[in-house]
Structure formats: C-alpha cells, structure tokens
Amino acid sequence: MAYEISIDLGTANIVIVDNKNGVVLDEPSVIAYQVKNGQKRLLAVGDDAKLMLGKTPESILAIRPLSDGVIADFDAAQDMISAFFKKVLNNFAFRKPVVFVCVPYGATPVEKRAIKASVEAAGGRRVGLVEEPMAAALGAGMPVLEPMGSMIVDIGGGTTEVAVLSLGGIVVAQSIRVGGDHFDAAIAAFLKKKYNLNVGLATCEMLKFEIGTAIPPSDGVGRKTKVRGRHGVSGLPEEIEVTQADMAEALRPLVSSICEAVMLLLEQTPPDLAGDIQENGLVLTGGGAGLAGIDKALMDATHLPAVVAENHKYCVAFGTQIAMNLGKRIEHAIQRDP
C-alpha cells in the first residue's frame, strides 16, 4: 500500500495527516536560516523557528514563506516542506509519499503550480490539489456529495473561505484576505492607537487566545489580562491591563468583513440550496473558528444557525485525506499531475 499524506499548507500552521497514524505534524509555518557571508544555512523550522520571530540578530533570518494562503517565498517554502517531510517520514530517501495538498479557493494557476512544485521538490509524488472549502467541509462531516446545499466558513491564518457546496462540487465561493494573522495585526494596531503601546505579534496572538472575542462582553468589560510592550513616546518598557471589550473593539472590523462575505454569498446562492442552508445552517472550521463568539456573531448577522465544527483546526487536513480516499466519487474536485 502506498504511503499517503495530506497537507494543510496553512499561512500560520502546517498540519500533516497520514493514512496510518492521523495527525503526525502540527507546527507553525516558519523557517529560520543562519546567514553568513551571504550564504544561508537552515537553522530551524516550525516551533523552534517561531520562537525566533521578532527576536533575531542580524546573523539569523526567521521568515514565514506563506502569505494569505499562498507561497510568497518559493525556496524557503521548499526547504520548510522538505524539513517537515523528514520529520514525518522514515527512510525518507526510499519512500516518496503520494501527497494531497489543500489550496485556497481562487488561487491562480501560477500559485497552484508553485505549491505543487514545492511539494514535488521536497519529495512528494503524484501530487493532487484539493480546494480548501471542499476539504474543510469533508473534514467537518458535511454531506457535500448529496444533492443538497452545505455552507462552510473556513477561517484560516491568512484567508477566510466561504463556500456553498453540493454534489461534490463548489457551487459559489469567495475568499477574503481576513484570517488569524490579520486578527493579530488588528490587535497590535488597536493597542498602539488606544494605549500608545507597541507590542509584538506573538504577544497579540497570546492575547487573542486568552481573551479574544468577536462579540462585546455583556458587562462592557469582560475578562482582563496584563500585557507588556514598549511605550510609543517614552520608548521604555511598560505594562498595561487589557480587557475583552478592547479585543472586541479591535476585531470588530474584521468580524464584520467575514459576516459581509457570508451575506454576499447567500445572495448569490441558488434558491433551492439557500433553503437547505436555512434549515441546516453554517459550519465554521479553521483555527480562526476558535475565536470566542464568532459563531454568535455570524448567527446575529445572518439569522441562521451557526456551529463551530468539532476539531475545527484539523478539518482541512482530515478533509484532504478523505478526498484522497473517496477516489472517483470526488475526482472532479481534485487537480492532479498530468
């Protein structure tokens, strides 16, 4: 039996699932190089490299090769994927795996070729591409092969994919440049504007997980936490207290953008499928679906039921694996090597 792996090549995290063990890797999409005399040497990938972001001397370069769901730095992406393959595979030189990779909806042919070429150069064979909304819906257990409408909202690190699916295909879909990374940047911009405090994106990510919320707290304040940064005027280190109400205010424009994308897609949905969605509601997947209250915000905007999928972070990776196993039943939704 061929060794098969599925990859959720995310802007923030890479998740790899194989056909024997389930999730075998879940690490940040970050790579670090040692730079000496103009030459780059691989230093770290994943968790180890992420710790270096924003804290490197001139001799170390820590970068994120993916931006908004697609490859921004081809060579770094290839090195990163190859390093992750080596972590996952035994006898790497002798076992080239069959690989399926998810790609954002609306990715250009050039972007798709870059993803495929990176995976092939890193050691994959018979590389197939599955569009992210389809993979997310399959991983969430939605009946996408049936003659009925299913609506998925996949909030990743760099993009949010909204799609209506039926009979194993995407009927209408939209991808917007809003995701977990944009949440972090919005929090940083808000703290600088309101408190004149400069904070790193790693700190903002921590705030998002600890007290982030898509809806204002009922008491107008919510939970609190302390955050450290550099004061914008004095230039000295400073600690302030931040509330959930601050987080809701910082994230409101981005949450509104996601709600607007869903509303726009509902307007484009054929009437019969819209009736199915009114009955069954929306399903949220992706790491961004973990933001507290995001399902409530969508329910308030659309007046439709909205639920966060179980294991929402891994739906895309598991759905890519399911697509691989479905074979001819979903062949029309998969792009393979010629």
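This is a predicted model: local features need pLDDT of at least 70, side-chain atom pairs count only at pLDDT 80 or more; totals for chains, interfaces and linings use all residues.
Q: How do you know that the radius of gyration of the protein chain agrees with a compact globule?
A: The radius is taken over C-alpha atoms, and the globule rule is 2.2 Å times the number of residues to the power 0.38. For 338 residues, a compact globule would come out near 20 Å. The protein chain has 21 Å, which agrees. Along its principal axes, the C-alpha trace spans about 65 × 60 × 35 Å.

Q: What makes a residue buried, and what share of the protein chain counts as buried?
A: Buried means under 20% relative accessible area, exposed means over 50%, and partly exposed lies in between (1.4 Å probe, protein chains only). Of the 338 residues, 51% count as buried.

Q: What is the accessible surface of the protein chain?
A: The total is about 15400 Å², and 52% of it belongs to carbon and sulfur atoms. These areas come from the Shrake-Rupley method with a 1.4 Å probe; for residues, only the protein chains shown count as cover.

Q: What counts as a contact, and how many contacts join residues at least 24 apart?
A: Contact means heavy atoms within 4.5 Å. Among contacts between residues at least 6 apart in sequence, 63% join residues at least 24 apart.

Q: What makes β1 a largely enclosed strand?
A: Six of the six residues of β1 are buried, so the strand is largely enclosed by the rest of the structure. Glu4, Ser6 and Asp8 point one way. Ile5, Ile7 and Leu9 point the other way, and all are buried.

Q: How do you know that β1 pairs with β2?
A: Two strands pair if DSSP finds at least two bridges between them. Strand β1 (residues 4-9) and β2 have five bridges and run antiparallel. Ser6 has Val17 of β2 as its bridge partner, and Ile5 stands opposite Asp18 in β2. The two strands are joined by a hairpin of three residues.

Q: Which way does β1 run against β9, parallel or antiparallel?
A: Strand β9 (residues 98-103) runs parallel to β1, with four bridges joining them. Ser6 stands opposite Phe100 in β9.

Q: Why is β2 called largely enclosed?
A: Five of the six residues of β2 (residues 13-18) are buried, so the rest of the structure largely encloses the strand. β2 also pairs with strand β3 (residues 22-28), in the antiparallel sense, over six bridges. Ile16 has Leu25 of β3 as its bridge partner. A hairpin of three residues joins β2 to β3.

Q: Why is Glu205 called buried?
A: Glu205 has a relative accessible area of 18% and therefore counts as buried. Glu205 lies in helix α6 (residues 201-211). Glu205 touches Lys50 and Asp184, leaving aside residues up to four places away in sequence.

Q: What makes Gly149 buried, and where is Gly149 found?
A: Its relative accessibility is 2%, so Gly149 counts as buried. Gly149 is in the loop between α4 (132-139) and β11 (150-155). Not counting residues up to four places away in sequence, Gly149 touches Leu165, Leu273, Asp276, Ile277 and Asn280.

Q: Is Asn196 buried, exposed or partly exposed?
A: Asn196 has 29% relative accessibility and counts as partly exposed. The residue sits in the loop between α5 (180-195) and β14 (197-198).

Q: Why is His303 called exposed?
A: The relative accessible area of His303 is 70%, so the residue is exposed. His303 is in the loop between α9 (294-302) and β18 (306-308). Phi of His303 is near 60°, a positive value in a residue other than glycine.

Technical notes. Residues are numbered from 1 along each chain as its sequence is written. Side-chain values use heavy atoms; hydrogens and water are left out.
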